2 protein chains.
Amino acid sequence: MFQLDLKSGVPICDQIVNGFIRMKALGLISGGDQMPSIRSLAIKFSINPNTVQKAYAILESGGIIYSVKGRGSFLSDDESAHSAVISRAKSDFRAAVRTAHELGLGISEITEVINDIYKEEKKC
Amino acid sequence: MFQLDLKSGVPICDQIVNGFIRMKALGLISGGDQMPSIRSLAIKFSINPNTVQKAYAILESGGIIYSVKGRGSFLSDDESAHSAVISRAKSDFRAAVRTAHELGLGISEITEVINDIYKEEKKC
DNA sequence: ACAAGTGTACTAACACATATAGTACAGTTA
DNA sequence: TAACTGTACTATATGTGTTAGTACACTTGT
């Protein structure tokens, strides 16, 4: 399970959303798996249930999970929903690159950062 | 001179800060150059002078510019201040890459975005 | 049937950041 | 002196994020 950084400035609900997407991407969870209940996750993270609910609502609006009243929330089998979220992440990343470009970062410095973080994949 | 996107969600003061840093990086302005006055820039962009003042305060706190009461604001000669800001931008970009990596974006998708935005530089 | 757990849907309040509006003061320059 | 400059306030409005509390409908296990 992922962790939260309450003082990072990143909205908690976004951290929860990204946490589950990351777990899906890493194969730690897969389609059909039951999500933690809203209340239990709120207790675990010592945050408000409404915040978890908001995160789950975001995940459900994106088709990443589906919820059944009285039963719980489950990870969707729909791979296209997951890839759509990845597409949105790509869009966010594009904005970050654009900002870096505007501030004068050269392509060499950019690729340096990329290679640093993706070094494991490059070895393959 | 750069332009503002009032509906981008990016704070206006940040856009102003980044705009001048970008101009410095591109060589459009250099150390000792006089900055536009707070009021004139506010009129030019049709925004509140306080917003410009906040942007200038950020730039001054970072050593990018210095202000003289009654005379105006001027671009600093201190290159280390500018490089420090670039360093911070690099750090922010690193965080964005890390997020993209965590969400499962492959290096091919990453490089695709990079090449798209830096295409002009690649031609050189 | 009952209790416990589940998602869902509200309203209210608070904190914070952003931006606007207006005013005032101190210093410089022509 | 007039017009410009930066600086420093207060106040207001807006939007977002979070917390708090309540209520309802549904499912599951006993």
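Mentor: A:K90 and B:E112 form a salt bridge, with their closest N and O atoms 3.2 Å apart. The term means a side-chain nitrogen of Lys or Arg within 4 Å of a carboxyl oxygen of Asp or Glu.

Trainee: Where do A:K90 and B:E112 lie?
Mentor: A:K90 lies in helix 4 (residues 79–102) of chain A and B:E112 in helix 5 (residues 107–117) of chain B, so the pair joins two chains. Helices (H or I, at least four residues) and strands (E, at least two) are DSSP runs, numbered from the N terminus.

Trainee: What are the ground rules for this model?
Mentor: It is a predicted model: local features need pLDDT of at least 70, side-chain atom pairs count only at pLDDT 80 or more, and totals for chains, interfaces and linings use all residues. Residues are numbered from 1 along each chain as its sequence is written, chains are lettered from A and ligands numbered from 1 in the order in which they are written, and side-chain values use heavy atoms, leaving out hydrogens and water.

Trainee: Back to the pairs. What does B:K90 meet in a salt bridge?
Mentor: The side chain of A:E112, at 3.5 Å, N to O.

Trainee: How many salt bridges cross the interface of chain B and chain A?
Mentor: Four, by the rule. Over all chains, the search finds 10.

Trainee: And how much area is buried between the two chains?
Mentor: About 3400 Å², with carbon and sulfur atoms giving 72% of that. Buried area is the accessible area (1.4 Å probe) that two parts lose on being put together, summed over both.

Trainee: Which residues of chain B lose the most area to chain A?
Mentor: B:F93, B:L103 and B:Y118, together 21% of what that side buries. In residue counts, 30 of chain B are in contact (heavy atoms within 4.5 Å) with 31 of chain A.

Trainee: New topic. What is chain A built from?
Mentor: Six helices and two strands. Along the sequence the pattern is α-α-α-β-β-α-α-α. Its C-alpha atoms fill a box of roughly 55 × 30 × 25 Å, taken along the principal axes.

Trainee: Now chain B. At what angle do helix 1 and helix 3 cross?
Mentor: Roughly 50°. The axes of helix 1 (residues 12–26) and helix 3 (residues 49–61) of chain B come within 8 Å. Axes are lines fitted to C-alpha atoms, for helices over the stretch in contact, and angles run from 0 to 180 degrees between N-to-C directions.
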